[in-house]
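User: I have just opened this one and would like a walk through it. Could you take me through it piece by piece?
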Amino acid sequence: MFRRPIKEINAEFPAQERHLDSVQRVVREACIAAGMRRKQMTSVQLAIEEGVTNILRHAYLHEKGMLRVRIVIYRKLIVFSLIDTGRSFQPDATGRLDLNKLVETGRRGGLGFFMIQKIMDSVEYITSGGFNELRMTKRISAEPSGAPGLWRRMFTLRAKFSFWTFSIVCLIVVSAFWYIRTNTVNELYAHLDGTAEALANTIADQASGYVTNRRSDVEFDRLVVSYQKSNPFLRLIAITDTANMVLAHSEDIHKIRKPYVPPYPIPAGSLGQARRIDGAGEQLNYLMVPLSWGERRLGTIHLLYSTELIDSRLGQAAGRSWMLTSVLLVFGVIGIYLLSSYFVTPIVRIVQRVRRFSSGELETELPLDGAAEFLEISHAFNEMMTRVSRDRKTVIEREKMAKEIELVSQIQKTLLPRNLPQLPGLEVDAFYRAASMVSGDLYDVFPVSENRCCLAVADVSGKGVPASMVMSMLRTVIRIFADGCESPRDTLITVNDYLSNNMPPGMFITVLMAVFDASDSTLRFVSAGHNPLLHLHQGTQLVSRVNPSGMPLGMPTTLGRSFGESLQEVELRLQPGDLVLLYTDGITEATSRGGEQYGLDRLADLVLREAGRDSAERLQDVSGGIVNEIDTFSGFSKQNDDITFILARVPVEKPRSRPETTDDTAALSVEKVSDNPETQRD
Amino acid sequence: MDNIGISLSENPLNQDVSEVRVDGVVDTMTAGELDEVMSSLLKRERYNIVIDLAGVDYISSAGWGIFLSHIRDVRANGGDIKLANMVPDVYEIYELLEFDNVLQAYGSVGEAAGEFGGGDQPPAKKKRQR
């Protein structure tokens, strides 16, 4: 499976409530990028707010600090980390909150964390290296449009195609049909009207003869009735004279010699023009033609005839053409549907392979067949997959290497003292944080005799695995040669003699090594090219920087002076309450966002300030304060050097007063290797 | 910035029921205001409370905490806090966090107020005299 993150987002904010909106904006964007459902997003944002509020309240106690947000998006997961450098808080170990109990007691505490746990799928709280990380993992439930069934999507594509083609074909067929039908109707009417007019004119010819010959009414009647009989589409033939008196009426003989009243209201129109009439239950046409003898107008012929014939004929034609059209359409749709397979099938195939690929099956290949366009897609895809699987192999190798480096890092950590030993006449606390997996920094605190102990910090030039290996060597050598030592100078000369033969050229080590003698409270130390030691005089409240001369370890001796000659040993007499700080350049060279280095002056002030606090009774609080300050200064910008320091203080004698009991909330959040404070003070 | 609006009224049908209409967002910044309103109600011995959340689209733990922390006192005095008109987003959280075991929710203010029973026999006073 692909477990590699799709995207990682990092952002930092000052730990203040008014920046919550900005945090939420980043979170929202990440959720959208991850394709999360809107509903899920709302609850995630709620959890984030709870997390941030917790940090502001409990980690920073509303004091200033930085809040780092890291969001890592995986294919189906999203991991939110809220990182701070404040106090670590102890989340409810059981992770369960009894709501009813909360109601009973009326307390509100823990509700926020409870909400986070309810909303998120997993919640971890990690305290390490001075950082507290609240890591919340949520399974992404995607927007519904995200990934419906493959088949369904393909069907949709096919259905859409079919639907649109079908509609277009339908439209064309129907309009063609309509056009033809209209034309036919007009033609049929013209034909019928033509027939009726010819008939009317024939009747007019005969009738004019009758009128001039003064034929009887019976003959007139016989004329119209016989015409009507022989032409079944006629409904009425009437002949009127110029005074509109009926001369003949095919339907009703009693209307003769009475004024003519048409059976239906007749729309206006000229003679010889057919008019459409809505008869009772059938469509009728009405036609009038003049009855004349030569130039003389004798009257009018009225013809009422049915167009039923046309309608029935049209109906038959329409039935036939609709049938034909429907059959054509059915075949058309089937054809379209089948035709769509021609391009839908290759797409389905490509999509299936791409899916398989995206779910981690890297050896998938697309078949090279089909139309030119699909061939091109297949080619491009295969090429991409080859490249991706090659990269993947590289990544796997790199991961393997990273794992080895992690092992080195673990081994290295075991070399640093996990628990500082109890020392006579001296309180000690140490802090160590590596910039990368492996480090070239070293610190060590160990007793060398009954009354004496050795404190050492060292910085190997260079970084990475080589530096860490040399560091391991140095640690061993110092431990061996410092046993029983009285003068750190002698010891370091021996160490150098040994190391210079065993170190790769071009590499060197700066060391600050001190031996404290509890019997007279003296600190003797040497510096092999290392940063000055800071000494806080409790009495004068001054911080002095002590920097005896000395070349780094492993430097070639051809520079004129030998290592031993360069090394100067200094002895300090420590008073109760005096404090010394041994550190590496990671502190003084900590860089702010503006590119400014922290520097020795600030560090000296910082030591004075932190040691003067009320809480300074616990040495851990002093070192915690130092770490906080450095982190705030560098504003979480990527630490590029290891930070290592040892803090040692001569305890102030207090007659039989036990130090206050430790309370957990005050425990500092740094990954600290420190002795139990209670035993230390005793 | 986030804002909150709170208005207070008596139920027209039952004078013993107080309606608290909240609008906006109830989070760390704004929860204090709601808390004050709730406390003032309790101080005036008004224990039948309906919270109308129609205009609220977000409630953080600070907000839920207010309801949870007051419900004990309210119930001890025979009253209750009932939530009404939650929007879907808020209701989802309410369900997710299992607050439905502790606080009752209703579709409308009237429905919630009706649960308190008739105005002539207010359960709040009855129990308080006990």
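User: What joins strand S2 of chain B to strand S3 of chain B, and how do the two run?

Analyst: Keeping in mind that this is a predicted model, strand S2 (residues 17–26) and strand S3 (residues 48–59) of chain B are joined by 9 bridges, and the two strands run parallel. Within that pairing, B:Glu19 stands opposite B:Val50 of S3(B).

User: And what packs on the sheet there?

Analyst: Helix H1 of chain B, residues 31–43, packs on the sheet and touches S1, S2 and S3 of chain B, with a direction that makes about 15° with that of S1(B). H3(B), for its part, lies across S3 and S5 of chain B and runs at about 110° to S3(B).

User: Zooming out, what order do the strands have?

Analyst: The sheet in chain B is open and has 5 strands in the order S1-S2-S3-S4-S5, with mixed pairing. Its edge strands are S1 (4–10) and S5 (104–106) of chain B, each of which pairs on one side only.

User: Switching topic, how many residues does the contact take from chain B and from chain A?

Analyst: The contact takes 19 residues from chain B and 21 residues from chain A. On the side of chain B that touches chain A, the elements giving two or more residues are helix H2 (61–76) and helix H3 (88–96) of chain B, and H2(B) gives the most, with 7 residues. Sorted by class, that side of chain B has 8 nonpolar, 6 polar and 5 charged residues.

User: Which residues touch the most other members in the largest nonpolar core?

Analyst: That core has 72 residues, and A:Leu455, A:Ala456, A:Leu582 and A:Ile646 touch the most other members. Leaving aside neighbours within four places in sequence, A:Leu582 is in contact with several residues, including A:Leu512, A:Leu533 and A:Phe645. Apart from this core lies another one, of 69 residues, with A:Ala47, A:Ile48, B:Val26 and B:Ala62 among them.

User: Is B:Asn85 buried or exposed?

Analyst: B:Asn85 counts as buried, because it has 22 C-beta neighbours inside 10 Å and the cut-off for buried is 20 or more.

User: And what about A:Ser521?

Analyst: A:Ser521 is not a glycine either, yet it has a positive phi of about 55°, and it is found in the loop between strand S14 (509–517) and strand S15 (522–528) of chain A. With 16 other C-beta atoms within 10 Å, A:Ser521 is partly exposed.

Terms used:
Residues are numbered from 1 along each chain as its sequence is written. Chains are lettered from A and ligands numbered from 1 in the order in which they are written. This is a predicted model: local features need pLDDT of at least 70, side-chain atom pairs count only at pLDDT 80 or more; totals for chains, interfaces and linings use all residues. Two residues are in contact if their C-beta atoms, placed from the backbone, lie within 7 Å. Helices (H or I, at least four residues) and strands (E, at least two) are DSSP runs, numbered from the N terminus. Ala, Val, Leu, Ile, Met, Phe, Trp, Tyr, Cys and Pro count as nonpolar, Asp, Glu, Lys and Arg as charged, and the others, Gly among them, as polar. Two strands pair if DSSP finds at least two bridges between them. Axes are lines fitted to C-alpha atoms, for helices over the stretch in contact, and angles run from 0 to 180 degrees between N-to-C directions. A nonpolar core is a set of buried Ala, Val, Leu, Ile, Met, Phe, Trp, Tyr and Cys residues joined through C-beta atoms within 7 Å. A residue is buried if 20 or more other C-beta atoms lie within 10 Å of its own, exposed if 12 or fewer, and partly exposed in between; C-beta atoms are placed from the backbone.
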